[in-house]
Amino acid sequence: MAAGLWRSGLTPATLVAVTAARSPDRVLVHDDLGSITYAQAVERVERVAGALAGRTSPVRQVAVLCRNHRFFLEAVLVGSRLGAEIVLVNTELTSDQLARVLARHAPDVLVHDDEYLDAVASLPDEVLRVRAWTEVDEETGLSLDDLAREGGSAPAQHAAAKITLLTSGTTATG
């Protein structure tokens, strides 16, 4: 448990790591793809966080544009594991609103579902786009699965988590 706290600081990733140490086979989430345990989640989050840290360092902000599934949770855990601010983006924004919100927040990484491929296509090249829930058969960019396969070791982080929630009432996009 102490190792989880040391690696991640006081974050959602720490909570999952501590629970994994106590109950590794306990189910963390169940979705259309099946179940994933706390231990499986911690292992995958470490691999994805390590791969991201190797590509974009430091990762200061991770925006999450995902529906309700395991990859939404994974993106939040990866962002918190890296000590990044996590920006939860309203999935009901129009393309114009989304562009303004992302321009204002300027994330280093945007994790998004495939249904938003068109909406995020015009983002600046500095934003690393990572696909979460994939529906497109062809290779259309980097995915969380790709990062998990790539793996790596994420540096220890000791900062408390910061989460920004952008709802329809807080986007100020009119």
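User: Which residue does Arg 70 meet in a salt bridge?
Analyst: Asp 31 is the partner, with N and O 2.9 Å apart. Keep in mind that this is a predicted model.

User: Where do Arg 70 and Asp 31 lie?
Analyst: Arg 70 is in helix α4 (residues 70-81), while Asp 31 is in strand β1 (residues 27-31), so their pairing ties together parts that are 39 residues apart in sequence.

User: Is Arg 70 buried or exposed? And what about Asp 31?
Analyst: Arg 70 counts as buried, at 13% relative accessibility. Asp 31 is buried as well, at 11%.

User: OK, switching over: what does Asp 108 pair with?
Analyst: Asp 108 makes a salt bridge with Arg 60, at 3.1 Å from N to O. Asp 108 sits in the loop between α5 and β5, and Arg 60 in the loop between α3 and β3, so the pair links parts 48 residues apart in sequence.

User: Is Asp 108 buried or exposed? And Arg 60?
Analyst: Asp 108 is buried, with 10% relative accessibility, whereas Arg 60 is exposed at 53%.

User: Which residue forms a salt bridge with Glu 115?
Analyst: That's Arg 67, and the closest N and O atoms are 3.1 Å apart. Glu 115 is partly exposed at 45%, and Arg 67 is also partly exposed, at 31%.

User: Which residues do shared partners join into one network?
Analyst: Arg 44, Glu 74 and Asp 145.

User: Last one: how many salt bridges are there?
Analyst: The count is eleven.

Terms used: Residues are numbered from 1 along each chain as its sequence is written. This is a predicted model: local features need pLDDT of at least 70, side-chain atom pairs count only at pLDDT 80 or more; totals for chains, interfaces and linings use all residues. Side-chain values use heavy atoms; hydrogens and water are left out. A salt bridge is a side-chain nitrogen of Lys or Arg within 4 Å of a carboxyl oxygen of Asp or Glu. Helices (H or I, at least four residues) and strands (E, at least two) are DSSP runs, numbered from the N terminus. Buried means under 20% relative accessible area, exposed over 50%, partly exposed in between (1.4 Å probe, protein chains only).
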